[in-house]
Every structure is written in C-alpha cells, then in structure tokens.
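Please walk me through this structure, from the chain as a whole down to single residues.

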Amino acid sequence: MTETRLDPPASDTEPEKPEKEGSIGVVILLAMALITIAVALALMGREEARPVVLGLLAFLAVVGVFSLFAASVGLVRFSDKRRADGFGEIIAEDVPEGMLVTGRGGRILFANAAYMRLTDAERAADVRGVERAFAGDAEASEAIFRLSQAAAAGRRAEEEVRIERAAPDGEGRRATWYRIRVQPLASRGKRDLLWQVADITHDRVRQEDVFRELQRAIDNLDHAPAGFFSADSAGRIRYVNATLAGWLGYDIAETETASLTLDRIMSGDSAALVHNMEPAPGEVRVETIDLDLVRRDGRTLPVRLLHRVAFDQAGNPGTSRTIVLNRSAGAGDVAETLRAAEVRFARFFNNTPLAIATVDRNGRIERTNAAFARLFAGKDRSVRNIADCVGERDREALLDTLDAAFSGQAELKPVDAPVAGDAVRISRFYASPVEDGDGEAAIVYALDITEQKALEAQFAQGQKMQAVGQLAGGIAHDFNNVLTAIIGFSDLLLANHRPTDPSFNDIMNIKHNANRAAGLVRQLLAFSRRQTLRPQVLKLADVMSADMQVLLARLLGAKVELNLDQARDLWLIRADVNQLEQVIINLAVNARDAMPEGGKLTIRTRNDGRDEPMTSGDATMPAGEYVLLEVEDTGTGMPPEVMAKIFDPFFTTKEVGKGTGLGLSTVYGIIKQTGGFIFADSTPGKGTCFRIYLPRHMPTAEEAAPKREAVAEAPRDLTGRGTILLVEDEEAVRAFAARALASRGYTVLEADTGVAALEIMDSHEGTVDLVVSDVVMPEMDGPTLLKEVRKRNPKLKVIFVSGYAEDAFAKNLEGGEQFHFLPKPFNLKELAATVKEVMSA
C-alpha cells in the first residue's frame, strides 16, 4: 500500500480531539452493499457493466472511503488508528480510479496507488496535485483551469481531457483520455477537496469503433442498389437514403430540410395506397405496392415498394420501413418486356381517375388503386368490404349487382349511391365478372359523380325556372295590356267625374284593384327577370336609410326586435335601389310571419372577397369580390323539403288568402337580374338566414364624378302640340292612349301594326314629331319598325311601351340607338308626362 500524507502546520491544526472508536456495524453494512453490487454486476454483460462499474466505483470510492473513515475512526486525516484498522486504506487502494484529497492551499492529504500510477509518481514524495500533473499539456490546460475555478468556488465539476503521451513501446505517441472530477468534502466544511482521475481511453476507443461501425452501416445503406425511406403515420418522411434521393433528384443533405412527404414524392393519389393499410394490432404488416414517384423536376419514376409497418396493441401504425425498387427502363437486367408491361399496367391502374377494386365472393376487397383508396378510405379509415363503401340504404342494391356479376352476367345496371360517412359525395358503381381469378370474383369500378349530379340538379332547376319564367313573362305581358286599358279608361272616367259623383268611388276602386293587379304582374316580371330596372351606383348602406328603418319597424311590429349590423367602407354596387328595398321588405315580412311569438331580425352588411367558388345546394357562385347582405331571423325555420321550393312562384306555406307565393320568387328574380346570388340556410326551430351576394362595382370616371343635387320642379303643364304616330296592336290600349294624348292637345295618328305605321308615315303630308310604339306586335316588331323609321327620318324621336323589361329588346337594336321607354301598365298622367318630356327635349 502506498499513501501520501502531509501534516498541517500549527496554524492550521485544530485542537486535538480524542480518537473515536470505529463502528463495526457501519463497516459490515458497507461491505454487504459492496458484495450486493458486485453480484449484480457479475450478472450483467461485460459491455453493459463497464459504464455502471465506473460510475458506481467512483461514487462508492468517495462514500466508502470517507464515510468509513468518519464512522469507524472519527477522523478525516490519516492517523495511526486508521492505519491500524486498515479498512479505508484497503478500499481506497482497490479502487481503480485515482483518488486525491487536498486541503487548504492545495496540500496533499491523501493519494491512492491508482492516482500515483496515473500521474507517474513512483513514491509519495513525487505526488503532485491535479493542476501540476495535467496543466502542463496544452490540450488539457483549459479544462484544468475550469476545474480549478470550480474547486476554488467550492463546486462540483467534471471534465474530459485528451493528452498525447509516449506509447508504452517507446515508438511514437498515443492519445490518452482522462475523466477528472472535483468535489468538496462536506464533512470538512468544504475546505478539503476530493479529486478523482480515471483513464477512459478504452471506453473512448470503443465508442469510436461503434461510431465507425455505424457510419459504415449508414454508408452501406445510403449506397445500396435499392432505395429506402422511413415515414411516420402522418406521411412525413423521416429518412431517405442517398440512392433514393439521387433517383428523385435531391442531394442527400437537402432531404433533411426539404420537409418531404409521401404526397409530395408520390404521383397523383398514390400516397393513399401507402396510408390505406389494414390495421393489425400488435403485428407487423408488409405489402408490395406498384406506383410512380415524382422526381424533383416533375418527371415520374416507376417503382415497386416493399412497405413494412408495425402496429401497436391499439392498431395505431408506427414508423414505416420501405424498400424502393427502381422499375424504370435500364434499371435492371430482368425480363425487360415483362417489366415494361407491368409498369404500364401499374401506371394505368393507379393513375386512372376511375376507382377500381377487385373483390371476392364475400365482397372482401382484394386489391385497389389509388383513386379507390382516396374516394372510400382516405387517410383516416380502412375499407375492407365493398358493402362498407355505401350507406345502409343502398347496400342491398350494390350487393344485388355484385351477385349478378358473380353469376357471370355481363351487362349490369350501375348503382348510384352516396359514399358511406359522406352524404355529399355520390359514386356510381359498375361491376363486371372475373373468370379464373385467383380468389377474385368481380371487378368494381366507381366513379365520383358528385359534381355531375350537382350540375344535373342545377340544369333541371334552371330549366324549371326558365320555363316558369317564360310562362310568367308571357302572362305578365298580356296582363299588362289589359291593366293598361283598365287603368287608362279609369283615368278618363275620373277626369269627367267629380269626387261628389256617386260613381267616383266605384271608379277609384276599379283603378285601385287594377294597380294591385299591376303589382302582382311586376312580381311575375321580377321572377322571370324581365322587369325594367333603373340601376345606379350606390352603397348598400344607402338602402338602409332612416325612412327604410322606420318602415321596417312598423312592418315587424312590437314583438320583433330589429338589429342592424352594417360594416363601414362598403364597396360600391350597381343596382336599382327601389328593387333592393323591395327585396329587404319581402324578406323582413317573411321573417316576421315566421316569428308569431316574437323574436329577433338581424340585417348585416359587409364586404366579402372570395378566392374560391362557393357552392350551396344547386347554385355555384364564382370567385370574386362581393358585398354581402344577410337577413337572419330566430323564427320557426324550414325543413329541407320546404327549402327546396322556397323560390318557386306561387309556392307558399301560409294559409289561404295570406300569401301569393311570389315574395321569395320576386326576391330571387331581382337578385338574379342584378347579377347577384342568393343562398338560404334554415334549421327547424332555430331560424333562417338569407345571404345575398351583390358583385362589387368599379365606377367609371363619369360615375365617380360628383353629381349635382336635383332640384324639385313644380308641377308643369302636360299639354302640348305636335303629331304623334301611335302604334299598338291591342285595340283597347290604343284607344285609351289616343284619347289621352288628343285630350292634351296632340294630333294622333293610329296604326295597329308596324307595316300600317310605315304606310301612314309615307302617306301623311305633314311631319311626324314622335312615334309611340309597342314592342311585341304581329308582322313587324318595335325594333324592326325603328330601323325603317330611321331610314325615313334619322332624327325622329321614339318612345317604346312594353310589358317586358327594357333590356329584353334593347339588345336587338343596333349599337348607339337612342330611344325612350315607358313600361306597362301606365296611367294617363305617366303617358302625358313622358310624351311632354320627350317632345320638349
């Protein structure tokens, strides 16, 4: 045994204490602990035990030596009593790790044999402190300095240093690694320090060997003739070898930062094939998949995947291990013709938009392509039986078709059914038998016809609305002629009767009811989009004026709360303000009727810019900038079967006599004629919300110029002079108009057709100042008459009257053609005022 001990000087010597007898119980307990640890280490493997041995020995060396010394001897310094007992020295000498105890000022109090051997000290007098023993090496000086700083501060510290030493055989030098620890001894009030020095060169060499082996394995994997990747359950690729990275056109270093995913490197929907693996709780599944990868430059690469995934006990997939075999031309020496045929088939099978699956006689799916996996399985679930692809209601029809295919029938009727779990998407299933199939009895083809069904519904709805609109427009035109005559002759009668006459009120009632009928006709024209609009550039907030709010409050009554939520800086729109007011009133009245016990009506406005088209029901609104008007109530709501008919004319849920069924159809027509879109959402028991999208209008320079405020004019004289050619095929309307104009001082020439009107112009000796003509007439319509009139008199003024909208015939006129328009029905005053205004222009 070798030790070194340096007695402290008189100034450092504490008062001598009586020596304490050692505690044999502590010694025995410590020995038992060491034996237990030794047995445990013996049962461990060599490589497993090495780091454990080093750590435990370091710890036990500290605890064993000084705890034993303190408990058995009662002294920290070496003394004759401790040397006589010998237990502390035996333990210290048997520890393979160098141990050094230093006191104040770096005095050496104790050094075991291992420390002397590691620091080349042959005798006790040669023992040096750690700073002197190791700081002389340049590579270790910084680490030793940090340890010294920690020791001075009374802190624990640990460093690993590398020192070049002469080889044992004297030839050259070799690197030696040391682990050096320092810690204060608490029992000595942190005045004494314990230094531990261990030679860890062997561990470092072993680590370097393991690292080199790992590098060699990675290098072999990277440059293997097959590709390899690993992906997690979300499809994120965690590792790609150099071979696959090269095939895809990436540098191996780029793959670590490129955030590659299965969807990114696989063509089309092929990633769904990799995701769609049937869960196997607690098992490992391997599948062979043929598909195309996508190179960085966009070109495809045909490959075969050997895809391996381990599932936990809950059936959740872990990280995959996938080998990639290149199947492109020239990639191998196997039968090239067969390989090319397989590649062509795999590309056709996986890249076709038609979903394909093979099934056995029990309906179990044997094989699918990418389109089938995307349509029916996706990434979140796995479908293994064809019956699970559709809902319960349609399974019987699909299984009947499959039974017919199993029996060998060739021509089978397709089955249309919603996709299971997604009632919005609809698929059309075809089935065909398979002869001599290896467990496969039929092939099922599925085509996603969701958009087709939506277009068919839109087309059918459009045809229905167009047919009803044409009917409504035709009826409105004929009614307008009748109402024009009724209203006109009522005005002529009223002109000859005083209010005190007994028949005056009767005539007024006739005119009043005729005006009510005219209102219904206007609603029909609004639905058929053939009414005359007077569009202007405005803000939607202007429609909700104070007068409009007062009117709405009166219409809604005290039980219904009106809430206005209008956004600022609304975009401009181009619309007829009177028609928009009619839209809001109609929707408000419907909302009021849906809240008999009271409720809340909210009207909102805001800007809405859309980058993608929006589809709701059978209607699709293209992307663009819109101003949104929402009218939402808290009423009774409507079931889906009612929602499907709300815009149909004459459809109403109200009691007989309380509704015409034209309110919402009028709203629909006005919005459509304005170029907007209207959608409705309703939940029974919760309420209904109508959303109206009006396209944003970008004003021209003329429209943006400030307008002069109109000055109200005093009533003017409606009499005049001049010759008017009146062209009207409806005799009653022509008779009323002729009498009305003649009574105002005009000379009136009458014609019942356009041909007769031209003959009158040619035979009339005087000048015709104005032509008032109907639009729809036999032999020659209004636009054709205008062309002929212009040949005779290019500057002749023309007023068209019609029960149709102005836009309905204006498109048939030559560009730049000037004319005036008076919609039917009109009364005497409106006719006289229009003629006076045109004649005076």
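**A guided reading of the chain**

Pro-825 sits in the loop that runs between β29 (820-823) and α27 (828-840). The peptide bond between Lys-824 and Pro-825 is cis, with omega at about -5°. These values, like the others below, come from a predicted model.

The chain as a whole comes next. Its secondary structure amounts to 27 helices and 29 strands. The chain has 841 residues, and 43% of them count as buried. Among contacts with a separation of 6 or more, 60% are between residues 24 or more positions apart.

Ala-357 has a relative accessible area of 0%, so it counts as buried. Beyond its neighbours within four places in sequence, Ala-357 is in contact with Ile-365, Arg-367, Thr-368, Phe-372, Ala-442, Ile-443 and Val-444. Arg-367 is 10 residues away from Ala-357 along the chain, and their C-alpha atoms are separated by 5.5 Å.

On the surface, two patches can be picked out. A patch of negative charge gathers Asp-478, Asp-729, Glu-730, Glu-731, Asp-752 and Glu-779. Of these, Glu-730 is placed in the loop between β25 (723-727) and α23 (731-743). Its relative accessibility is 31%, so Glu-730 counts as partly exposed. Glu-779 belongs to the loop between β27 (770-774) and α25 (782-792), and because its relative accessible area is 67%, Glu-779 is exposed. The backbone at Glu-779 has a positive phi of about 70°, although the residue is not a glycine.

Asp-120 also has a positive phi without being a glycine, with a value near 60°. Asp-120 is found in the loop between α5 (113-118) and α6 (130-134), and its relative accessible area of 60% makes it exposed.

The other patch is nonpolar: Leu-306, Ile-323 and Leu-325 together have about 200 Å² of accessible area. Ile-323 is part of strand β10 (residues 321-326). With a relative accessibility of 37%, Ile-323 counts as partly exposed.

Salt bridges remain, and the count comes to 31. Where do Arg-395 and Glu-392 lie? Both are in helix α14 (residues 392-406), 3 residues apart, which is about one turn of the helix. The closest N and O atoms of the Arg-395 and Glu-392 salt bridge are 3.0 Å apart. Arg-395 is partly exposed at 23% relative accessible area, whereas Glu-392 is exposed at 62%.

Arg-691 forms a salt bridge with Glu-630, with the closest N and O atoms 3.1 Å apart. This pair links distant parts of the chain, since Arg-691 is in strand β24 (residues 687-695) and Glu-630 is in strand β22 (residues 624-633), 61 residues apart. Arg-691 counts as partly exposed at 24% relative accessibility, while Glu-630 is buried at 6%.

In helix α25, Arg-792 and Glu-788 are 4 residues apart, about one turn of the helix. Their salt bridge has its closest N and O atoms 3.8 Å apart. Arg-792 is partly exposed, with a relative accessible area of 37%, and Glu-788 is partly exposed, with 23%. Elsewhere, salt bridges with shared partners join Glu-97, Glu-158, Glu-160, Arg-179, Arg-181 and Arg-204 into one network.

Conventions:
Residues numbered from 1 in each chain as written. Predicted model: local features only at pLDDT ≥ 70, side-chain atom pairs only at ≥ 80, totals over all residues. Heavy atoms only, no water. Helix = DSSP H or I, 4+ residues; strand = E, 2+ residues; numbered from the N terminus. Buried < 20%, exposed > 50% of the residue type's maximum accessible area, 1.4 Å probe, protein only. Contact = heavy atoms within 4.5 Å. Patch = residues over 30% accessible without salt bridge, like charges linked within 9 Å, V, L, I, M, F, W, Y side chains within 5 Å. Areas by Shrake-Rupley, 256 points an atom, 1.4 Å probe, with all protein chains shown as cover. Salt bridge = Lys/Arg side-chain N within 4 Å of Asp/Glu carboxyl O. Lys, Arg positive; Asp, Glu negative; His and termini not counted. Charge placed at Lys NZ, Arg CZ, Asp CG, Glu CD.
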